[in-house]
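Here are some notes to read alongside the model. Please keep the sequence and the structure in view while going through the points.

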Amino acid sequence: GDLISLIEPSKRLGAGKYELMLTLPYSKMEFGVPANLFIVGTMNTADRSIQLLDSALRRRFKFVELTPNFDVFESKDAEKVLRKINARVRSLLNKDNQIGHSYLMFAKNYCEILSALYNKIIPLLEEYFYNDFNKVRFVLNDKTNPLFYVEDTEAKEAYRMFQNEEIDDEDRDFYELNPAIADTIESGNEDECKKYLANLLM
């Protein structure tokens, strides 16, 4: 608590009337924070564990919002993909849950974009929406073939046997990430990779 007070501009060494120094408990030395010390902290607002800051700490800092930077992309298609995804994320959640530019900024072609989606962004979206695949599919605009998600028929059939009745599709979703995507990425076929992005880019 004392250290939090010391970092205030008015309490720094050389600040004048309200300059503050404290005696350290073990060494008994006098301690103060110099005026030319800058403390910079970063926080990912999507991290729910650190989203709420103590008000005593918050009021001693100014906050600069850093949104996704669309000037750093090597591919216009990658930029467009991220813009589309983030617009849909904002519509369902809020601006603090947008996907950062680092996921796609170095993607140079369709296969690299698809790889980042398949291996990094889609797992993050599943976490955001607690495996609500309808919302994830909305964000990806997953409407026509080739699809990011396909029906898990084995799980659906197993559930039907468990329930011993027809399943109301509104009650349960049976989707899995399309395993064919991994083969498409591995093939490096740009035309095939582009097909997966067609709906997303609309």
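1. A polar contact is a pair of N or O atoms within 3.5 Å; within protein, one must be able to donate a hydrogen and the other to accept it, and residues adjacent in sequence count only if both atoms are side-chain atoms. Asn109 caps the N-terminal end of α4 in this way, with a side-chain oxygen 3.2 Å from the backbone nitrogen of Cys111. Helices (H or I, at least four residues) and strands (E, at least two) are DSSP runs, numbered from the N terminus.

2. This is a predicted model, in which local features need pLDDT of at least 70, side-chain atom pairs count only at pLDDT 80 or more, and totals for chains, interfaces and linings use all residues. Residues are numbered from 1 along each chain as its sequence is written, and side-chain values use heavy atoms, with hydrogens and water left out.

3. Helix α4 covers residues 110-128 and has a kink of about 45° centred on Leu117. The bend at a residue is the angle between axes fitted to the seven residues ending there and the seven starting there. After α4 comes Tyr130, whose phi is positive, near 50°.

4. Which cysteine is joined to Cys111 by a disulfide? The partner is Cys193, with an S to S distance of 2.3 Å; a disulfide is a pair of cysteine sulfur atoms within 2.5 Å. Cys111 lies in helix α4 and Cys193 in helix α8 (residues 190-197), so the pair ties together parts that are 82 residues apart in sequence. The torsion about the S-S bond of Cys111 and Cys193 is about 95°, so this disulfide is right-handed.

5. Are the two cysteines buried or exposed? Cys111 is buried, at 7% relative accessible area, and Cys193 is buried, at 0%. Buried means under 20% relative accessible area, exposed over 50%, and partly exposed in between (1.4 Å probe, protein chains only).

6. Asn178 sits in the loop between β4 (175-177) and α7 (180-187). Asn178 counts as buried, with 10% relative accessibility. Leaving aside neighbours within four places in sequence, Asn178 is in contact (heavy atoms within 4.5 Å) with residues including Tyr118, Phe148 and Tyr196.

7. Pro9 is in the loop between α1 (2-6) and β1 (22-23). Pro9 is exposed, with a relative accessible area of 66%. The C-alpha atoms of Pro9 and Val33 are separated by 9.3 Å, and these residues are 24 residues apart along the chain.
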